[in-house]
Amino acid sequence: MDTRARLRSVRWSVLDRALTRAGLEPAETLRETVRFAGQVEALGYHRFWVAEHHGVPGVAGSAPTVLAAAVAAATSRIRVGTGGVMLPNHRPLVVAEQFGVLASLFPGRIDMGLGRSVGFTGAVRRALGAEKEAAERFGEQLTELLGYFEGAHGVRALPAEGLRVPAFVLAVGAGADLAAAHGLPLVMAHLSDEDRMLNAIESYRAAFRPGPQQRRPYLIVAVNAAVAATHEEARLLQVSEAWATAFSRTRGIFPPLEAPAEVLAREMTDRERAYFEQAASGQLHGDETEMAQALARLAERTGADEFLLTLNSHDPAGRLDSYRRLARLAGLAAG
């Protein structure tokens, strides 16, 4: 395998979930996301997506279409979208209208990434009016939402009607099956259990039916990848998020990111350590040579059309350096 050619055969994009850092206000995190989008655009990345989380102390991004508007206004070339808007939390008509406004203001640059997740806790789900069973209506909601862009309902979703806003489906639950049935691109998270991931990808490709947007399957692999001068420096960039994930699994709350040194100095319980190591196992990190090989192999195994990089770190400068190094590996114009 020609590593260099394989890395240049895929598109490269970025997902920023607006994770907060300990001691900082959410407002500063959101402003940092907008600044980061400009930096990512300058490096030559293809897309910049934001996400939706509610009632989470460690995440500032609760209103993805609003944040996407701020990002699009602060950039000029990069595609901007969501990874994703969680349909069970919203009426499809409102989602269509919101993306219609975005696409009207920033023509040719807006992506509509969609997911089926509901709130992480019972209190959040009740506040949103979307209990766990609401996720089972995702397929129905997806069909309704897409119909508004086609003018297929009695109520007109202006200004969305008639616009072509690319839709993407997150592979959660039945997401892969629905993406295949609707002829839409699939966003698949890189899993430590690669056999399960590859089986889901194979099923998506086998079941794919061409639609108005896509004539063939299109796969985006979301991967937490860190690159630094050394393997250890790259690993440290991911420690904070791995601990926040372990914390959420044991306490039900995803906290602000702590400094790596503070995390590693902790006396973790056996349960915390197991979740911490599990979170880390799905991450990729290394120096530039190591990561070029690791990502080229991942592209080869999955047949990915695009990588969506999801690194969040306690150190913004370290994160930016990682994305700069990845841009060079990918051969991006400004990398």
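Analyst: Helix 9 and helix 11 cross with right-handed geometry. The model is predicted, and the values below are computed from it. Helix 9 covers residues 231-251 and helix 11 covers residues 270-281; their axes come within 8 Å and cross at roughly 130 degrees. An angle over 145 degrees would count as roughly antiparallel, and 65 to 115 degrees as roughly perpendicular; helix 9 is therefore oblique to helix 11.

On the helix 9 side, the contact is made by V239, A242, W243, T245, A246, R249, T250 and R251. Their counterparts in helix 11 are R271, E272, Y275, F276, Q278, A279 and A280. Sorted by class, the residues of this contact are 8 nonpolar, 3 polar and 4 charged.

A second pair is formed by helix 3 (residues 64-74) and helix 4 (residues 92-105), with axes 11 Å apart and an angle of about 0 degrees. Angles under 35 degrees count as roughly parallel, so helix 3 and helix 4 are roughly parallel to each other. T65, A68 and A69 of helix 3 meet Q98, F99 and L102 of helix 4. The contact of helix 3 with helix 4 has 4 nonpolar and 2 polar residues, and no charged ones.

Next, burial within a single helix. In helix 7 (residues 175-182), the buried residues are G175, A176, L178, A179 and A180. Just after helix 7 comes G183, with a positive phi of about 65 degrees.

The largest one has 79 residues, and W12, Y45, L295 and F307 have the most contacts inside it. Helix 12 (residues 288-302) gives the most to this core, with 7 residues. Leaving aside residues up to four places away in sequence, L295 touches L7, W12, V223, A225, L284, F307 and L326. Two of these partners, W12 and F307, are themselves among the residues with the most contacts in the core. Apart from this core there is a second, separate one of 11 residues, with A51, F168, L170 and L308 among them.

How values were computed. Residues are numbered from 1 along each chain as its sequence is written. This is a predicted model: local features need pLDDT of at least 70, side-chain atom pairs count only at pLDDT 80 or more; totals for chains, interfaces and linings use all residues. Side-chain values use heavy atoms; hydrogens and water are left out. Axes are lines fitted to C-alpha atoms, for helices over the stretch in contact, and angles run from 0 to 180 degrees between N-to-C directions. Helices (H or I, at least four residues) and strands (E, at least two) are DSSP runs, numbered from the N terminus. A crossing is left-handed if the near helix is turned anticlockwise from the far one by less than a right angle, and right-handed if clockwise. Contact means heavy atoms within 4.5 Å. Ala, Val, Leu, Ile, Met, Phe, Trp, Tyr, Cys and Pro count as nonpolar, Asp, Glu, Lys and Arg as charged, and the others, Gly among them, as polar. Buried means under 20% relative accessible area, exposed over 50%, partly exposed in between (1.4 Å probe, protein chains only). A nonpolar core is a set of buried Ala, Val, Leu, Ile, Met, Phe, Trp, Tyr and Cys residues joined through side-chain atoms within 4.5 Å.
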